[in-house]
Amino acid sequence: MDKQTNQRGWLLVLPVVVIVAFSAILPLMTVVNYSVQDTFGNNQFFWNGVGWFSELLDPRSELGARFLEALWRNLLFSAIVLAIEIPLGVLVALAMPRQGWTVAFCLVVMALPLLIPWNVVGTIWQIFGRPDIGLLGYTLNSLGLNYNYVSNDLDAWATVIVMDVWHWTSLVALLCYAGLKSIPDAYYQAAQIDGASRWAVFKAIQLPKMNRVLLIAVLLRFMDSFMIYTEPFVVTGGGPGNSTTFVSIELVKIALGQFDLGKAAALSLVYNLIILIVCWVFYTIMTNAGTERRAKEGVA
């Protein structure tokens, strides 16, 4: 007897498809349309082909130079915050209690930074770091460090990095904690019977169980850090100079400041493509590493 397929189930997802079409596909096609055109105002557009993309990817042009500088800042920022937040989140998750009333307390405390809106986080650190009235800025200057994120590039970078670490390390910690909670107690009991050290337990039991959640944490934190806009814009405005002008801030400057819609559309498409490619590379490398590790363990 042949199995009959009922296609009417697609009607249930049709509203979602329509919403996605209006909220994602149509705006994307509008951006693509702008990226291949130029305008001189009065809503009159002229075909430009791949001219904006050629200028964007040419480091000798003004647009290309600005884009590449902002891109390197973005990559450096993402690399720094990932190098700090991933190990720190793992350490915090390992230190969190596994049972008792303190579990709920720790989870609430860890989730608090994630509940604060991005613009509020930027405002908090903008005031917190001010050398005249901010607790952090006043304390550092009292110690003779001459801290001022408005005029010093290094201070601005340190402020933005510390702010991001404070805001998002909780996400990594909570994801890792969920992975640790899924480990049966029998694993720890067997390790205790074998006399395994704390490092051996972490390497052989805890880290393999956190592989998947660490992959998710790395992907989420890379995308968030690479697309960061609100926090550094509120705190430094992209300054001093262009020292904290990331690609997102550069994109807003071109689109809203200069009202160059063609350049902004081309930049946004390349920006999105870079994020997709890097995320795919992250996912492929980490997935293959996990597969090779499990294969070696199976052979052993």
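Contact is taken here to mean heavy atoms within 4.5 Å. In the predicted model, the packing of helix 3 (residues 62-95) with helix 10 (residues 211-226) was examined on this basis. On the side of helix 3, the contact involves L71, N74, L75, F77, S78, V81, L82, E85, I86 and V90, which meet L214, A217, V218, R221, F222, S225 and F226 of helix 10. By class, 12 nonpolar, three polar and two charged residues make up this contact. The axes of helix 3 and helix 10 lie 9 Å apart and form an angle of about 145°. The crossing of the two helices is right-handed.

Helix 5 (residues 118-128) contributes V121, G122 and W125 as buried residues. Viewed down the axis of helix 5, these buried residues fall within an arc of 100° and therefore line one face of the helix. An α-helix has 3.6 residues a turn, so residues three or four places apart point the same way. The partners against which the buried residues of helix 5 pack are helix 6 (135-142), helix 7 (153-181) and helix 11 (230-235).

At the level of the whole protein chain, the secondary structure consists of 13 helices and two strands. The radius of gyration of the chain is 24 Å, whereas a compact globule of 300 residues would have a value near 19 Å. Along the principal axes, the C-alpha atoms fill a box of roughly 85 × 75 × 35 Å. Of the 300 residues, 35% are buried. Among contacts between residues at least 6 apart in sequence, 65% join residues at least 24 apart.

Key
Residues are numbered from 1 along each chain as its sequence is written. This is a predicted model: local features need pLDDT of at least 70, side-chain atom pairs count only at pLDDT 80 or more; totals for chains, interfaces and linings use all residues. Side-chain values use heavy atoms; hydrogens and water are left out. Buried means under 20% relative accessible area, exposed over 50%, partly exposed in between (1.4 Å probe, protein chains only). Helices (H or I, at least four residues) and strands (E, at least two) are DSSP runs, numbered from the N terminus. The arc is that of the directions from the helix axis to the C-beta atoms. Axes are lines fitted to C-alpha atoms, for helices over the stretch in contact, and angles run from 0 to 180 degrees between N-to-C directions. A crossing is left-handed if the near helix is turned anticlockwise from the far one by less than a right angle, and right-handed if clockwise. Ala, Val, Leu, Ile, Met, Phe, Trp, Tyr, Cys and Pro count as nonpolar, Asp, Glu, Lys and Arg as charged, and the others, Gly among them, as polar. The radius of gyration is taken over C-alpha atoms; the globule rule is 2.2 Å times the number of residues to the power 0.38.
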